[in-house]
Amino acid sequence: MVFPAHGAGGSLCGKAMDAMRFSTIGYEISYNPALLITDREEFIRSLTVDMPPAPDHFSRCSDINRRGGPALVRSLAPPCGR
């Protein structure tokens, strides 16, 4: 099973993603246009050409992902003060 992290239409993480909530490797190999491309350079080009500019928060998120967040989840207060 494959569970995409973002929905269709609007994510820079997956150009031209389908609107399915989950999929399978077999389905994607058979029907995902990007996975049908056999030439490496064409595959890269198909996923990187005509991309919209990255939103401002992308660089902040990348920095946080590199160094880690300000606290471990287990050290945070429970939501709603519980």
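These are my notebook entries on a few residues that I looked up in this structure, which is a predicted model.

**Entry 1, Glu28.** I began with Glu28, which I found in helix α1, the run of residues 25-31. I noted that Glu28 is buried and yet has no salt bridge, and that the nearest side chain of opposite charge, Arg21, is 14 Å away. Since a salt bridge would need a side-chain nitrogen of Lys or Arg within 4 Å of a carboxyl oxygen, I then listed what Glu28 does touch: leaving aside neighbours within four places in sequence, Glu28 is in contact with Met20, Ser23 and Leu35.

In one of them, Phe3 and Phe22 are tilted, with 6.3 Å centre to centre and 45° between the planes. Both Phe3 and Phe22 lie in the segment before α1, so this pair ties together parts that are 19 residues apart in sequence. I recorded Phe3 as exposed, at 60% relative accessibility, and Phe22 as partly exposed, with a relative accessible area of 46%.

Tyr27 and Tyr31 also form a tilted pair, at 4.8 Å centre to centre with 40° between the planes. Both tyrosines sit in helix α1, 4 residues apart, which is about one turn of the helix. I recorded Tyr27 as partly exposed, at a relative accessible area of 34%, and Tyr31 as exposed, at 56%.

Last, I looked up Ala19, which is placed in the segment before α1 and is exposed, with a relative accessible area of 62%. From C-alpha to C-alpha, I noted 9.8 Å between Ala19 and Pro4, which are 15 residues apart in sequence.

Methods:
Residues numbered from 1 in each chain as written. Predicted model: local features only at pLDDT ≥ 70, side-chain atom pairs only at ≥ 80, totals over all residues. Heavy atoms only, no water. Helix = DSSP H or I, 4+ residues; strand = E, 2+ residues; numbered from the N terminus. Buried < 20%, exposed > 50% of the residue type's maximum accessible area, 1.4 Å probe, protein only. Lys, Arg positive; Asp, Glu negative; His and termini not counted. Contact = heavy atoms within 4.5 Å. Phe/Tyr/Trp six-rings, centres within 6.5 Å; stacked < 30°, edge-to-face > 60°.
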